[in-house]
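Trainee: I have a model open and would like to go through it. Can we start?

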Amino acid sequence: MKNAIGVEIPEYIEGLGKLEPFQGVWNSIIEDEVPVTNISRTLKAKKPHVSKLCKNLEEAIKRCKPFDGMTVTCHHHLRGGDGVLMQTIKILDEMGIKDITLASSSLTSAHDGLVPYLEKGMITRIFTSGIRGALGDAISVGKLKYPAIIHSHGGRVRDFLTGRIKPDLSVLAASAADEEGNATGAHGPSAFGSMGYADIDARYSRNVIIVTDNLVEYPCVPCTVRQHFIDYVVKVDSIGDATKIASGTTRITNSPMDLRIARIAATVIEHSGLFKNGMSFQVGAGGASLAVAKFLREDMKRKNIIGSFMIGGVTSYGVDMLNEGLFHSIFDVQSFDAAVSTSVLNNPNHIEISCDQYANPNNCGSMTNKLDVVVLGALEVDVDFNVNVITGSSGEIRGASGGHSDTASGANLTVVVCPAFRGRLPIVKDRVHTVVTPGESVDVIVTERGVCVNPSKPNLAAKLKEAGVQVVDIHDLKVEVEKMTGVPAEKQLGDQIVALVEYRDGTIIDVIYNVKNLS
Amino acid sequence: MLYIPGNNPAMIQQAGVYGCDAVLLDLEDAVALNQKDAARILVRNMLKTVNFYDTEVCVRVNNFHTPFGLTDLEEIVPLQPDNIRFPKTETVADVKEFMKEVRRIEKEHGIKNPTMTIHVMIETAKGVANVYDIAAADPRIDAITIGGQDLTADMGIIKTPDGVGIDYARKRIVMAGKANDLDVLDTIFADVNDDEGLRKETEYIKKIGFAGKALINPRQVDVVHDVFNPTENEVRKAYRVYSEFIKNKKAGIGVFAIDGKMVDAPVVQRAITVLEYAKIDLKEIEKNAG
């Protein structure tokens with residue numbers, strides 16, 4: 001069957017079940033009531049005054065009675081420094097547990113060591129929002145038994161609530177916790193900020209273990225994860241590589257090209273009609289995306305604009321803007337650098353939120369639905385404004401869906417920033433290799449060689465032209481870039497489906513096939 | 001004007017997208033001796049193929065007294081970039097010799113109506129001494145520029161942040177340029193991480209009459225534009241001055257007042273300069289005022 005953007009989707013995949021095709025950004029999301037099974041919380045009980053503390057993670061996992069075919073979840077708030085997920089898998093493997101579904105909120109370079117567990121069938125399914133490095137390569141060539149499901153941040157919450165992901169064991173790292181499992185990421189030597197993703201796992205998993213390197217006196221104050229969800233608590237020497245967890249403050253890029261693209265994007269925002277008091281804003285942490293915040297900051301000061309709120313992955317740069325009074329508040333589901341933790345802890349206007357509140361398409365208060373402007377990156381874009389943030393130039397999995405499609409669907413203005421070409425590779429294609437965010441939800445693509453406005457937004461195009469922005473037809477831009485780069489050769493792909501891209505509403509928007517020659 | 005080394009293909013292909021008014025593709029100081037031929041061939045081919053959009057393109061060739069100068073001209077002049085820069089110009093004779101070769105090459109290639117203009121670069125004490133004559137040496141010269149690094153080296157001094165060592169040269173070159181209706185461009189600011197220093201220097205050179213500044217990094221573009229671009233209030237005021245000037249001119253009045261302040265020819269000329277910087281079409285104002 002074909003979905004709404006013309007991708008052939010299998011109706012059923014062994015090990016994953018029946019699939020629903022993507023039908024458009026809002027077509028599958030029914031307001032008020034959703035006709036799918038809603039999973040209730042697990043009934044748990046503890047006798048009075050029984051300690052939850054275990055001597056080590058192995059003991060805690062044993063107490064959770066692991067079994068073949070179980071689903072294990074972790075969070076990715078520790079970024080590239082995470083040491084908890086690998087430790088959990090190693091222990092389960094030593095116990096002889098197999099056929100595991102791994103459902104970490106994202107997978108980073110810290111998880112390259114998972115490859116052998118895929119190869120021997122210990123991990124057979126993966127649900128996640130991002131896959132990179134050696135793990136991405138391994139999945140791309142077909143080493144995972146069943147296709148990986150790549151969901152959005154909001155889609156993960158939905159998958160929990162519908163039972164698509166049924167967590168049996170959640171091992172959640174915290175930078176501070178007490179003996180009952182009240183836990184936080186906002187203080188302690190390994191502070192990493194918000195625990196917005198982990199909060200969901202704690203609420204809906206059958207067994208929850210808090211792992212901390214900083215066991216504090218009861219009660220842990222303030223805390224994000226609450227004790228009544230927690231089964232066991234483990235004190236460990238380390239939750240990971242502190243230098244990669246607490247990696248300092250985010251710096252604005254020095255790349256002239258990224259800065260140029262960011263300057264143009266800020267100009268687009270200024271003349272979009274949304275640049276006014278009370279605006280809300282989200283920006284990514286890397287390259288040109290974060291640099292947009294630098295120029296927006298200058299423009300807001302110049303025009304005396306005070307915004308309402310920023311959301312999302314929060315950088316120290318966003319915190320600076322909050323402290324300067326440029327925004328009233330920040331809603332923080334994930335903190336991108338260590339400097340943010342202090343703000344989470346001390347500033348009442350820096351509000352930690354769960355991923356449910358951040359981006360779940362099936363609730364009544366998703367922050368992404370209240371968003372005015374979001375600036376997002378891209379690996380590729382196409383003439384229909386579809387965006388790929390997951391597969392690289394050889395078709396290999398090397399990125400993250402994250403909150404890309406969540407924010408794009410809700411924002412009044414979705415701006416995608418990317419260079420027109422990287423090295424010898426054109427970025428504007430007839431069709432991106434993998435659609436993560438559908439063009440229907442993308443308003444503007446900003447490159448150094450011109451700004452492309454979705455034809456569905458003629459008024460926006462007119463406003464930008466009037467302001468002197470170089471608006472170009474995306475087809476013309478593609479031709480111009482290909483004159484310099486040529487047209488890349490077709491990718492060498494097989495016929496094995498290695499991953500499915502799940503749109504935030506649970507439908508399948510694209511299919512990723514195995515790569516034959518991964519260079 | 002953004003300087004780009006002539007042997008850097010990645011930077012040249014992006015030269016037109018940084019938002020600067022002009023780029024200088026450098027075959028001279030930015031290119032090592034063993035890269036001169038490669039740079040010349042690269043710049044030649046890039047001029048044929050790269051879209052620089054509306055960015056003016058200047059090529060700095062090597063001086064005639066080097067083994068590379070004439071070959072540079074042979075390759076670049078036929079392509080007629082917007083301008084060609086003649087470095088280390090010291091005398092009128094230098095200019096005459098340079099222009100003789102330029103015109104010979106254009107003739108050999110059948111270029112009857114050459115569009116390429118000439119930028120002369122003053123980088124030695126001798127050049128500063130002769131700058132009035134140099135500025136008037138050929139009608140195709142439309143800009144004159146100071147090379148601060150080479151000039152301080154020639155003078156045996158260190159270029160300091162306050163620019164005191166080259167202050168006389170800057171002002172003399174500005175006067176020579178203004179006397180001949182040339183654009184006068186300032187030297188580079190070497191510290192790409194010092195935006196405040198760049199701003200301060202740019203504000204100064206704007207005050208003493210320079211029309212622009214050489215840049216060595218695209219990150220410097222916004223600061224320089226910010227200094228040179230008139231503010232919204234300045235543009236509004238200039239618009240009003242010019243508009244009133246047109247109306248009064250039609251009534252045969254040369255001097256008039258706005259808000260109690262006298263407006264005469266110099267005030268009008270300054271208003272025109274502001275409007276030109278803001279890229280506002282004077283004819284539109286004339287039409288509306290009529």
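Trainee: Is Val102(B) buried or exposed?

Mentor: Val102(B) is buried, since 22 other C-beta atoms lie within 10 Å. Buried takes 20 or more other C-beta atoms within 10 Å of the residue's own, exposed 12 or fewer, and partly exposed is in between, with C-beta atoms placed from the backbone. This is a predicted model, where local features need pLDDT of at least 70 and side-chain atom pairs count only at pLDDT 80 or more, while totals for chains, interfaces and linings use all residues. Residues are numbered from 1 along each chain as its sequence is written, with chains lettered from A and ligands numbered from 1 in the order in which they are written.

Trainee: Where is Val102(B) placed?

Mentor: In helix H4 of chain B, residues 92–108. Helices here are DSSP runs of H or I, at least four residues, numbered from the N terminus.

Trainee: And what is Val102(B) in contact with, leaving aside neighbours within four places in sequence?

Mentor: Leu73(B) and Val77(B). Contact means C-beta atoms, placed from the backbone, within 7 Å. Ile76(B) is 26 residues away from Val102(B) in sequence, with 9.8 Å between their C-alpha atoms.

Trainee: New topic. Which residues have the most contacts inside the largest nonpolar core?

Mentor: Leu172(A), Ala265(A), Val292(A) and Val415(A), in a core of 159 residues. Such a core is a set of buried Ala, Val, Leu, Ile, Met, Phe, Trp, Tyr and Cys residues joined through C-beta atoms within 7 Å.

Trainee: Which helix gives the most to this core?

Mentor: Helix H8 of chain A, residues 256–270, with nine residues.

Technical notes:
Helices (H or I, at least four residues) and strands (E, at least two) are DSSP runs, numbered from the N terminus. Two residues are in contact if their C-beta atoms, placed from the backbone, lie within 7 Å.
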